[in-house]
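Welcome! Then we can walk through the fold together, one part at a time.

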Amino acid sequence: MRIVAGEWGGRRIAAPPGRATRPTTDRVREAWMSVVAPYLPGARVLDLFAGSGALGLEALSRGAEHAVFVEQAPAALTILRANLTTLAADDRAEVVRMDAVKYASGLQADAFDVAFADPPYGQGFAQALAEAFARTPFAGLLCIEHGRDDAVPDLPGARTRRYGDTCLTFIPAPE
């Protein structure tokens with residue numbers, strides 16, 4: 001995997017081994033970042049189900065000020081920390097070992113500018129995160145990657161883009 005653009009554009013990062021983590025493809029990550037680009041300069045970013053940290057690292061590379069990475073799988077955490085060290089991003093990042101839905105559910109409103117979530121498909125996590133966001137909009141914009149068959153509540157202002165079997169749903173905080 002590599003960082004697509006920005007400060008670290010073209011730099012390679014590691015991905016966790018095995019099938020427990022499904023990295024977002026460069027194509028989908030680029031599409032994702034093109035939508036959120038206006039929100040990134042100076043932003044506080046949250047990367048839920050962080051895995052390798054590719055989404056949060058891409059955001060940092062493109063001008064985000066700080067990122068919090070939430071992951072609980074030990075192998076993914078090891079890779080994530082190594083990627084932060086490789087890019088010398090430790091001072092702009094915080095790693096939290098915790099269940100991502102629990103973490104998001106405990107946040108205050110507007111805790112982050114942008115929140116990314118790339119949960120495992122088909123396990124109800126996308127729906128649970130969207131519902132937590134509807135109760136307390138913890139970011140100005142929540143972006144969820146999910147499978148086309150995953151249920152995501154139809155929240156006001158939400159829009160979904162489809163890339164094969166992968167969908168990106170963008171949910172703005174209510175005004």
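## The whole protein

What percentage of the 175 residues in the protein is buried? Buried residues make up 49% of them; here buried means under 20% relative accessible area, exposed means over 50%, and partly exposed lies in between (1.4 Å probe, protein chains only). Keep in mind that this is a predicted model, where local features need pLDDT of at least 70, side-chain atom pairs count only at pLDDT 80 or more, and totals for chains, interfaces and linings use all residues. Residues are numbered from 1 along each chain as its sequence is written, and side-chain values use heavy atoms, with hydrogens and water left out.

The protein has five helices and seven strands; these are DSSP runs (helices: H or I, at least four residues; strands: E, at least two), numbered from the N terminus. Starting at the N terminus, the elements follow the order α-β-α-β-α-β-α-β-α-β-β-β. The C-alpha trace spans about 40 × 35 × 30 Å along its principal axes. The radius of gyration of the protein is 14 Å, which agrees with the value near 16 Å that a compact globule of 175 residues would have. That radius is taken over C-alpha atoms, and the globule rule is 2.2 Å times the number of residues to the power 0.38.

Contact means heavy atoms within 4.5 Å. Among contacts between residues at least 6 apart in sequence, 66% join residues at least 24 apart.

## The sheet

In what order do the seven strands lie in the open sheet? The order is β3-β2-β1-β4-β5-β7-β6, with mixed pairing; two strands pair if DSSP finds at least two bridges between them. At the edges are β3 (93-97) and β6 (159-163), each pairing on one side only. On average, neighbouring strands of this sheet are turned by 15° against each other, direction ignored.

Now find β1. This strand is largely enclosed by the rest of the structure, because four of its five residues are buried. β1 pairs with β2 in the parallel sense over five bridges, and Arg44 has His66 in β2 as its bridge partner. Strand β1 (residues 44-48) also runs parallel to β4 (residues 112-117), joined by four bridges. Asp47 stands opposite Phe116 in β4.

## Helices around the sheet

Helix α3 (residues 74-86) lies across β2 (66-71) and β3, and runs at about 170° to β3. Helix α5 (residues 125-135) packs on the sheet, where it touches β1, β4, β5 (139-147) and β7 (166-172), and its direction makes about 165° with that of β5. For these angles, axes are lines fitted to C-alpha atoms, for helices over the stretch in contact, and angles run from 0 to 180 degrees between N-to-C directions.

The buried residues of α5 are Ala126, Leu129, Ala130, Ala132 and Phe133. They lie on the same side of α5, because they cover an arc of only 160° around the axis; the arc is that of the directions from the helix axis to the C-beta atoms. What covers them includes β1, α4 (100-105), β4, β5 and β7.

Helix α2 (residues 54-61) is largely enclosed by the rest of the structure, because eight of its eight residues are buried. One of them is Ser61, which counts as buried at 5% relative accessibility. Leaving aside neighbours within four places in sequence, Ser61 is in contact with Ile3, Ala5, Gly6, Glu7, Trp8 and Gly9. Just after α2, Gly63 takes a positive phi of about 115°.

## Aromatic pairs and a loop residue

Rings of Phe, Tyr and Trp (its six-membered ring) pair if their centres lie within 6.5 Å; planes under 30 degrees apart count as stacked, over 60 as edge-to-face and the rest as tilted. By this rule there are three aromatic pairs. The rings of Trp32 and Phe116 are edge-to-face, because their planes are at 75°, with centres 5.6 Å apart. This pair links distant parts of the chain, with Trp32 in helix α1 (residues 26-36) and Phe116 in strand β4, 84 residues apart. Phe133 and Phe138 form another edge-to-face pair, 5.3 Å centre to centre with 85° between the planes. Both Phe133 and Phe138 are buried.

Finally, look for Leu107 in the loop between α4 and β4. Leu107 is buried, with a relative accessible area of 14%. Not counting residues up to four places away in sequence, Leu107 touches Leu46, Phe112, Thr136 and Phe138.
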